[in-house]
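Here are my notes on the model, for you to read with the structure open.

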Amino acid sequence: MSTSNGTLLEVKDLVKHFPITRGIVFQRQIGAVKAVDGISFDVKRGETLGIVGETGCGKSTTARLLVRLLDRTSGSILFEGEDIGAHKKDNLKGLHREMQMVFQDPYSSLNPRKTVGSIIAEPFAIHGLLKGSGERRKRVQELMDRVGLNPEHYNRYPHEFSGGQRQRIGVARAIALEPKLLVADEPVSALDVSIQAQVLNLLRGLQREMGLTLIFIAHDLSVVRHMCDRVAVMYLGKIVEIAPSDVLYSFPRHPYTGALLAAVPVPNPTGERRRKRELLTGDVPSPANPPQACRFHTRCPKAQELCGQDEPLLGLKGTTSEAACHFPLTESEVRLRLPAALAGAAAGNSRGEVSGQPSSSST
Amino acid sequence: MSEPLLQVEDLRVRFSTEDGIVHAVDGISYSVDTGHTVGIVGESGSGKSVSSLTMLGLTRNQGAEIEGRIMFDGRDLVTLPDDELRKIRGNEIAMIFQDPLSSLHPFYKVGSQLTEAIHTHRDVSKSAARDRAVELLDLVGIPDPRRRVDQFPHEFSGGMRQRVMIAMALANEPKLLIADEPTTALDVTVQAQILALLDDLQSRLGMAIIVITHDLGVVAEITDEIAVMYAGRIVERAPTRAIFGAPQHPYTWGLLKSIPRLDTPRDEELVPISGRPPSLIKRPSGCHFHPRCPYVRDAHRKVDPRLEPVPGDEGHAVACLLNPELRNRIWRGLASGETSATLRHLVVEEDHPVRAHAAPRTSEEDPA
C-alpha cells in the first residue's frame, strides 16, 4: 500500500492513434488504429498499478507512452506535476533518470555483443555518473548481487544466461539509477512457470526496499492480482474498470472484467471441473474500427439498446470501483458467474470492502 | 479389462548433437484409454513435446535414437515402417500444434487445407470433401462456414485459426488427438472457448485426448489423469484430483506453489522453485531434481528414483526418494501455508544430519 499519499503520475485523456496510410509518394491517411483512445488514471507514490487486458487492448502502447518511447497523439501525462508528454525528444535524459522500463522479452532486450557488466553500467555512462571505472564496477556488482545474479559474472555475455537471469539483468539495468517509477511490460510472460515466481518475488522485494512505484502490465489476471494494489482493465483502447485489487477480483462491476475472471482456469479440479461458465463469444473487434458507443456492447451479455447509442463514462460504481458501464454486474450475477472458489477467497480475505449495493445506480 | 488405446512403454529418445547426447525423453511409460484425457505437464525442455512427436514418427528424421515401445491399437509405432505410419498420422492419431498461425499455410484457402487432410486418407469426391470441410468448420463453432471455407488463414483471428486447426485434426475422426500447448498463444477468454470446445468434442466424438501444457490450470479442468515431466522423465503420475489434492513430488509442489492463483488469499507469498531446469546433456546425478529440491539428502545425489506406486492411493505413482509419510507431512505443511525453509527440518531431523545444508538460495544457480 502507498506510504505517502502524493500522486506520482497523473494521466488524462491520453490518446495514441497510429495512422493507416495508403500510397507511396503521396501518402494519405485513410484511417487510424486507435490503440489508446482517451484513458485517464493516476498512480500514487509507492503503489503498484496493474494494467490487464487481452491482446490489442492498448496496454503495451500505454506503457510506451508513459516512458516516452512513443509520442502521444493528445492528452497529458503529468509526472510529479509536470507534463512529460510535452518534453522535447532531446530532453528526455532527465526523465529517464526518474522512470525506467522492464521489457517482456529478455532475449531481444539485451545487446548480445555487450557484457552484462557494461549493459548494467550503461545508464551510468549515459548520465555521466560514477566516472571512476572502479567505482562504477563496484556499483554494478552491488546491483547484480541485489537482483540475485552472481557478481563474478560481470564479464559474461547475455547468451550465457537463462531467460530468468536475463530478466534479472533487465531489472538491474532498470533500477540502476534508482528511478521513482518502474514500468514492467509483461515481465514474466516469456519465462518458465518455475522461474516466474522468482522474478515476481524480486520485483516485490525491490519495491518494498526502494519504495518504487510500479506499473505492472500483464495479460495474466492471477499474476496481476498477486502483484498489484490497484488494477485497471483495458478493452480496445479504453479503461473499462479500475479498482483496488481485492475489490476488482471479488466484485467486478464491468461485464468484461467478469468475463475475463470467469475465463481464468483455476487449478482446482474439485468443484471446478466442467463448471458451466459464461463464455464470451466472438473475438475482439479491430481497433481501427471499434464499435460505436460502448466498445464492448457487441460481445456483452448484458448489452441493451442504450449501450450502442451512448458511451458510458468511467464512474464510481459502489464505493471504490470505477467502471464504464450502463448496466454493471450485480452481486447475484457475480456470484453466478464466478467460481465458488473465488468467492470463498474473497470472503476469507476481507481487507477489501465488498460492500456493493445489489442494484446499482447507472449514470 | 481391454487393452488401453495407447500404451507407451519405457520410451527413450536421444539426439546426438555437437555438444553431446541430449537425453530428451528418458524412459517414460503411460497409457491412455479411449474417451479419456491425459495431461502431460512440464516446463520447456522437459521432453513433453518430443515424446508426442515421436509417437507420430516426427523425430525420425531428426537423427533421434528411439527405444521402447509405443503400442497403439495393437501396433508398435516405434518400429512401424514409414508408409504404415503415414496412414495413421492425421488419420487415427491427429495433432494440434501450439501456434495456429505458423501451422496453417498462408497461400491456401482454409477449405483446401481441410480437404487436403481428407483426401490424403479417404478416397472421396471433391464435392464430398468440401461438404465435409464445411461440416467440420461448423462442428468447431466457426460461424458462417460456407463462406469461411473459401477464406485465407490471415482472415481468421487467433482463436478462429486454432478452431480451424482442430477441425483439420478431426477431419478423419481420429481415435487419439494430441494437443500440444493448444491455448498458449491465446488470450484467456479465447482459451476458455477452446478448452470448452475440446471438452465438448470429446464427449460427442468419444476420442482419447493427450493435452501437453506447462499450465496446470488448463489441465485441471479437462483432464482425467496427469503426468508431470521433469528432465525427460515422468516424476509423478496420478488422477487429476490427486495431483491437486495430494501431490507427492517436490517438483509438483513447487509448480503448485509458485503460481499465483485466484482462489487463494492475495498476499500469499509465492514459493519459487530455486535454480533452473537442468541441461539434458549433462544431467544431475541421482535424482535429477536434487539440485533444486529443498528436501534433498546426501543419498538423493547418488540414487536414481524409479516411478513407484504411492501406497494407499490407487493409480498414483511418484519418483521420489523421500518416504511416503514424510511426503504427506510436508505437503500438509505446504498446503497450510508453511514454507519449504521451515519444513526442511522434517527431513533433517529424520535422518540426523550428516551435514545440514543451508536453505537453498532463492536465486538461480550459476550459468553453465
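1. Start with a helix pair in chain B. α7(B) and α8(B) are roughly parallel to each other, because angles under 35 degrees count as that, while those over 145 are roughly antiparallel, 65 to 115 roughly perpendicular and the rest oblique. Helix α7 (residues 158-170) of chain B and helix α8 (residues 188-205) of chain B pack at about 20 degrees, with axes 10 Å apart. The axes are lines fitted to C-alpha atoms, for helices over the stretch in contact, and angles between N-to-C directions run from 0 to 180 degrees. Helices (H or I, at least four residues) and strands (E, at least two) are DSSP runs, numbered from the N terminus.

2. A word on what you're looking at: this is a predicted model, where local features need pLDDT of at least 70 and side-chain atom pairs count only at pLDDT 80 or more, while totals for chains, interfaces and linings use all residues. Residues are numbered from 1 along each chain as its sequence is written, and chains are lettered from A and ligands numbered from 1 in the order in which they are written.

3. Back to that pair. On the α7(B) side the contact uses Gly158(B), Gly159(B), Gln162(B), Ile166(B) and Leu170(B), and on the α8(B) side Val190(B), Gln193(B), Ile194(B), Leu197(B) and Leu201(B). Contact here means C-beta atoms, placed from the backbone, within 7 Å. By type, that's six nonpolar, four polar and no charged. Ala, Val, Leu, Ile, Met, Phe, Trp, Tyr, Cys and Pro count as nonpolar, Asp, Glu, Lys and Arg as charged, and the others, Gly among them, as polar.

4. Next, helix α4 (residues 110-121) of chain B, where Val110(B), Gly111(B), Gln113(B), Leu114(B), Thr115(B), Ala117(B) and Ile118(B) are buried. Buried means 20 or more other C-beta atoms within 10 Å of a residue's own, exposed means 12 or fewer, and partly exposed is in between, with C-beta atoms placed from the backbone. These buried residues pack against α5 (126-139), α6 (145-148) and α7 of chain B. α4(B) and α5(B) meet at about 115 degrees, with axes 9 Å apart, and are therefore roughly perpendicular to each other.

5. Which residues have the most contacts inside the largest nonpolar core? They are Ile120(A), Val183(A), Ile215(A) and Val233(A), in a core of 204 residues. Such a core is a set of buried Ala, Val, Leu, Ile, Met, Phe, Trp, Tyr and Cys residues joined through C-beta atoms within 7 Å. α7(B) gives the most to this core, with eight residues.

6. Last, a histidine: His300(B) sits in the loop between α11 and β11 (308-309) of chain B. Buried or exposed? His300(B) is buried, with 21 other C-beta atoms within 10 Å. Leaving aside neighbours within four places in sequence, His300(B) is in contact with Gly286(B), Cys287(B), His290(B) and Leu321(B).

Technical notes: Two residues are in contact if their C-beta atoms, placed from the backbone, lie within 7 Å.
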